[in-house]
Amino acid sequence: MIILLSLLTFLTHSPKIKIENAWVRPAGKGMNSALYFNIENSNTKPDVLYKVSSPVAELVQMHKTVETNGLAEMKQIKSVTIPSNKTIEFKPGSYHVMLIKLKRDLNVSQKIDFVFYFKKAGKINVQAEVKGQ
Ligand SMILES: [Cu+2]
């Protein structure tokens, strides 16, 4: 019975891709902001995040901050591969999702909706909280 129940639990919620600790920097309308989170892939195969969308910004891009000659620079990236059984962190100074030209103010403690697009897992809805640093 216990084995059967565990199996059912495993089959019904096998969240292969989990997005956790999603947060957004507060910023005013017309400004830019950034979204940070962790992606955990508990699949046996890698998956690829290739797009993030949100109704709050005119443009949403994936970026990576890289250091060239001691200067931090942001580069747009087309996709991020999440290896099997690994967690990738989107955090300040590294990968982030750039929210360009906000359509509204993002105030602390508001919840903002995003859609993440993965090659294998498909669309995943994510809610991120606006947090002061
Ligand atoms: Cu950026």
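These notebook entries record what I looked up in the structure above.

**Entry 1: ground rules.** I noted that this is a predicted model, in which local features need pLDDT of at least 70, side-chain atom pairs count only at pLDDT 80 or more, and totals for chains, interfaces and linings use all residues. I count residues from 1 along each chain as its sequence is written.

**Entry 2: the elements.** I looked up the secondary structure and found one helix and 10 strands in the chain, where helices (H or I, at least four residues) and strands (E, at least two) are DSSP runs numbered from the N terminus. Read from the N terminus, the order is α-β-β-β-β-β-β-β-β-β-β.

**Entry 3: burial and contacts.** I then checked burial, calling a residue buried if 20 or more other C-beta atoms lie within 10 Å of its own, exposed if 12 or fewer, and partly exposed in between, with C-beta atoms placed from the backbone. By that count, 19% of the 133 residues of the chain are buried. For contacts, I took two residues whose C-beta atoms, placed from the backbone, lie within 7 Å. Among contacts between residues at least 6 apart in sequence, 68% join residues at least 24 apart.

**Entry 4: the core.** I searched for nonpolar cores, meaning sets of buried Ala, Val, Leu, Ile, Met, Phe, Trp, Tyr and Cys residues joined through C-beta atoms within 7 Å. The largest has 21 residues, and those with the most contacts inside it are Leu-35, Phe-37, Val-97, Ile-112, Phe-114, Phe-116 and Ala-128. At least two residues of this core come from each of β1 (17-24), β2 (33-41), β3 (47-53), β4 (57-68), β8 (95-102) and β9 (111-118), and β9 gives the most, with four residues. Setting aside neighbours within four places in sequence, I found Phe-114 in contact with Leu-35, Val-52, Ser-53, Ser-54, Val-126 and Ala-128.

**Entry 5: Asp-113.** I turned to Asp-113, which is placed in strand β9 and counts as exposed because it has 12 C-beta neighbours inside 10 Å. Its contacts, leaving aside neighbours within four places in sequence, are Ser-54, Pro-55, Asn-125 and Gln-127. Asp-113 and Ser-54 are 59 residues apart along the chain, yet their C-alpha atoms are separated by 6.3 Å.

**Entry 6: strand pairing.** I treated two strands as paired if DSSP finds at least two bridges between them. On that basis, β1 and β2 pair in the antiparallel sense over six bridges, while β1 and strand β10 (residues 122-130) pair in the parallel sense over two bridges.

**Entry 7: Lys-64.** I located Lys-64 in strand β4, where it counts as partly exposed, with 15 C-beta neighbours inside 10 Å. Not counting residues up to four places away in sequence, Lys-64 touches Lys-75, Ile-77, Ser-94 and Tyr-95. Lys-64 and Lys-75 are 11 residues apart in sequence and 5.3 Å apart in space, C-alpha to C-alpha.

**Entry 8: positive phi.** I recorded that Asn-85, a residue other than glycine, has a positive phi near 55°; Asn-85 is in the loop between β6 (80-82) and β7 (86-90), and is exposed, with 11 other C-beta atoms within 10 Å. Ser-109 also has a positive phi, near 80°; Ser-109 lies in the loop between β8 and β9 and counts as exposed, with 9 C-beta neighbours inside 10 Å.
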